[in-house]
Amino acid sequence: LRLLKEESDRCRDILAQLVARPDSDGGSPFHRLPLEGLVEAAAVPYRLEGKKLLVTCNPPTGQTEVEQPEVPRTAVLLQGLGLLLQNGLQFAESLVEVEISWDSETVVLTIHDDGPGFNPAVLERLGQPYVGEGRKRRDTASQPMGLGIFITHALLARTGARLLFGNHPEGGGIVEIRWNRATLEESDQMATGNHD
């Protein structure tokens with residue numbers, strides 16, 4: 001019962017943050033920004049002392065005209081990426097690496113933490129409600145029930161993302177988020193339901 005209450009409170013907090021972050025910045029010059037900037041903005045509330053977040057960009061080789069995608073600064077993207085970054089930072093020993101790569105058709109964002117990794121027994125079901133990750137946070141004895149990952153999966157799916165969870169060969173958990181570039185760049189319309 002205590003665990004259900006903790007997860008329920010966490011879901012309430014996530015939804016409250018979504019409501020507090022408007023989908024439109026009302027003409028702000030930062031309404032659209034490079035994906036790297038969005039990752040940095042999404043990580044701000046979750047940075048932990050003693051944990052390093054390293055973001056690297058890998059533009060396509062030989063395609064200098066293909067610039068980093070500019071994406072809408074929506075609550076859906078900020079919260080979805082933020083929850084994955086929070087997860088990585090909570091479980092990391094000291095480092096979370098985010099790698100962004102793209103070409104004219106595809107955008108891939110990979111988050112790798114140097115923590116204990118995911119439980120292989122639940123990897124295929126991660127993203128479903130009440131499927132825990134199989135790793136315990138250092139600040140609690142309870143096992144998370146996976147509702148945060150479920151909400152993240154649902155949020156990012158609204159932007160056309162496909163998520164893949166795994167374990168890095170050198171250790172730690174890894175999450176790959178893959179988008180069709182055109183879909184990601186138009187995800188403000190998808191997330192708000194404004195299809196023209």
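Select helix α3 (residues 75-91) and helix α4 (residues 147-157): their axes come within 9 Å and cross at roughly 145 degrees. Axes here are lines fitted to C-alpha atoms, for helices over the stretch in contact, with angles running from 0 to 180 degrees between N-to-C directions. Helices (H or I, at least four residues) and strands (E, at least two) are DSSP runs, numbered from the N terminus. The α3/α4 crossing is left-handed, meaning that the near helix is turned anticlockwise from the far one by less than a right angle.

This is a predicted model, in which local features need pLDDT of at least 70 and side-chain atom pairs count only at pLDDT 80 or more, while totals for chains, interfaces and linings use all residues. Residues are numbered from 1 along each chain as its sequence is written, and side-chain values use heavy atoms, with hydrogens and water left out.

On α3 the contact (heavy atoms within 4.5 Å) is made by V76, L77, Q79, G80, L81, L83, L84 and N87, and on α4 by G148, I149, I151, T152, L155 and L156.

Now select the sheet. Five strands form an open sheet of mixed pairing, in the order β2-β4-β5-β7-β6; two strands pair if DSSP finds at least two bridges between them. The edge strands, each pairing on one side only, are β2 (52-58) and β6. On average, neighbouring strands of this sheet are turned by 15 degrees against each other, direction ignored.

Zoom in on β6 and strand β7 (residues 173-180), which pair in the antiparallel sense over six bridges. R162 has R178 in β7 as its bridge partner.

Then select F118 and F165. They form an edge-to-face aromatic pair, 5.8 Å centre to centre with 80 degrees between the planes. Rings of Phe, Tyr and Trp (its six-membered ring) pair if their centres lie within 6.5 Å; planes under 30 degrees apart count as stacked, over 60 as edge-to-face and the rest as tilted. F118 lies in the loop between β5 (106-113) and α4 and F165 in strand β6 (residues 162-167), so the pair ties together parts that are 47 residues apart in sequence. F118 is buried at 4% relative accessibility, and F165 is buried at 9%. Buried means under 20% relative accessible area, exposed over 50%, partly exposed in between (1.4 Å probe, protein chains only).
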